[in-house]
Amino acid sequence: MRHIAIIGSGPAGYYTAEAAQKMWGEDVRVDIFDRLPVPYGLIRSGVAPDHQSIKAVSARYEKVALADNVRFVGNVTIGEDVSIEELQTLYDAVVLATGAPHDRTLGLPGEALGNVFGSAAFVGWYNGHPQFAGLDPDLSGSTAVVIGNGNVALDVARILAKTRAEFVGSDIVGHALNALDVSRITQIVVLGRRGPHQIAMTPKELGELAHLSRACPRINPADLPDEGEDMMLEPGQRKSVMLLRSFAAIPEAHRDDKPVDIDFDFFAAPRALIGEGAVTGIEVERTRLDGGRAVGTGETYVIPASLVVACIGYQTSPIPGVPFDESAGRFANDEGRIVRGLYCVGWARRGPSGTIGTNRPDGYAIVERIAEDLGASAGGGHPRRGRAGFDELAAARGLDVVTFRDWKKIEAAENLAAREGAPREKFVVVAAMIAARTDADLAADGAV
Ligand code: NAP
């Protein structure tokens, strides 16, 4: 029997569990730990609430979770409740699938001003992550500046631009929906330090900006390179740039019935956040490309800004005792192996890039690696106690472990609380998640 502990129940964690099931079938036991009482990580808290088709991949993870050889062990924080070393003594392999939940910082003056957020915090707010649910951004000003030219910047710009009606069918949390409903933002500036050919935005996501009911994208045609140069781009990138060209061709008259502008400001690198207490503007330096890199031209200007969201990438949280590559913001590893018996996968291995699906081959590759390392020793020589050993430890420490069955009770309560047309209304406080589980247990026992 192989005993595997996976830390993190997002896409990388579940694909790794799926791969372990395929590799060893009944000869493996997998425990998937999460610090939250609810599974699915980025699917629940990162993927945009109006992208339900992407979130639907959780049905595949549920299939994995419901098999007898895989367990969800929620509400347990590795590094606090249980150490990595303890897990290593209990399991044949420990896999860190902890993602990259922290914002990279801009490192600019004024970054600590009020109403300046990183995308992990801002996305976590509208997705109801307990850590960020109380963010309470002030949306009463007129201009939001979104820094970055990736898909997260697009998500944030789109969410800021949408009307209440456009959120029908989404699972945006009630507090964010109500705040956005009374937002006074009429200009959303998307700031890119490089140019249209260097965007990291995919066509489907970019195309959505052309179909918003009260907002319209605007691009300065002078920022676009000669059309002939598009031929040098990858097909997907070319498609995105063609969309930018179509935005640049939107006549001003078309905007008359669209009160919100989404202005792309290319070749514009942020230099400082300005304000007293709260942000009021952002100082930007014009750039030009030099060998693909943005270099400052010395020309600066200030964009008034009442809200700033920096969507410039994420980093993994270090875990005491686990080697960390500070400059890359992820665990130090050799193709997923940190040391024999300890591995990382997904964003924790390679940094925050790629789509949800990119984690699938990652998960399968790490299981191959584990299999090589375990080799003939699995089940022999030095048998590990796996889940039985963990359960003893959890009982001794009084940990309130949330199982997958418990999660289904929490999920049922979230589904029941959904506003009309929405799939669910998420609990945004851990205690409320736990209480929903307890209430369901009491109801099942006939106590209420
Ligand atoms: P990303 O794709 O790496 O984009 C980060 C952006 O921030 C880049 O435009 C980068 O510019 C810019 N940037 C970095 N540091 C900066 C600085 N100091 N000042 C100004 N700009 C800076 O990251 P992301 O948008 O966070 O997305 C993460 C991953 O999730 C990506 O793989 C993305 O495709 C994926 N994702 C997918 C979806 C979807 O498929 N629907 C949705 C959301 C996210 P440079 O290029 O100049 O470095």
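How far apart do the C-alpha centres of domain 1 and domain 2 lie? They lie 33 Å apart.

This is a predicted model, in which local features need pLDDT of at least 70 and side-chain atom pairs count only at pLDDT 80 or more, while totals for chains, interfaces and linings use all residues. Residues are numbered from 1 along each chain as its sequence is written, and side-chain values use heavy atoms, with hydrogens and water left out.

**The two domains**

Domain 1 covers 2-101 + 316-402 and domain 2 covers 102-314; such bounds come from an automatic or database domain assignment. Their contact (heavy atoms within 4.5 Å) takes 17 residues from domain 1 and 22 residues from domain 2. The buried area, meaning the accessible area (1.4 Å probe) that two parts lose on being put together, summed over both, is about 1,600 Å², and carbon and sulfur atoms give 50% of this area.

Two salt bridges are counted between the domains, the term denoting a side-chain nitrogen of Lys or Arg within 4 Å of a carboxyl oxygen of Asp or Glu. D50 forms a salt bridge with K162, with 2.7 Å between the closest N and O atoms.

**The ligand**

The ligand is surrounded by 22 residues (a heavy atom within 4 Å), and the closest are N149, R193, R194, E205 and G354.

| Residue | Atom of the residue | Distance |
|---|---|---|
| N149 | backbone N or O atom | 2.9 Å |
| R193 | side-chain N or O atom | 2.8 Å |
| G354 | polar backbone atom | 2.7 Å |

Notes. A polar contact is a pair of N or O atoms within 3.5 Å; within protein, one must be able to donate a hydrogen and the other to accept it, and residues adjacent in sequence count only if both atoms are side-chain atoms.
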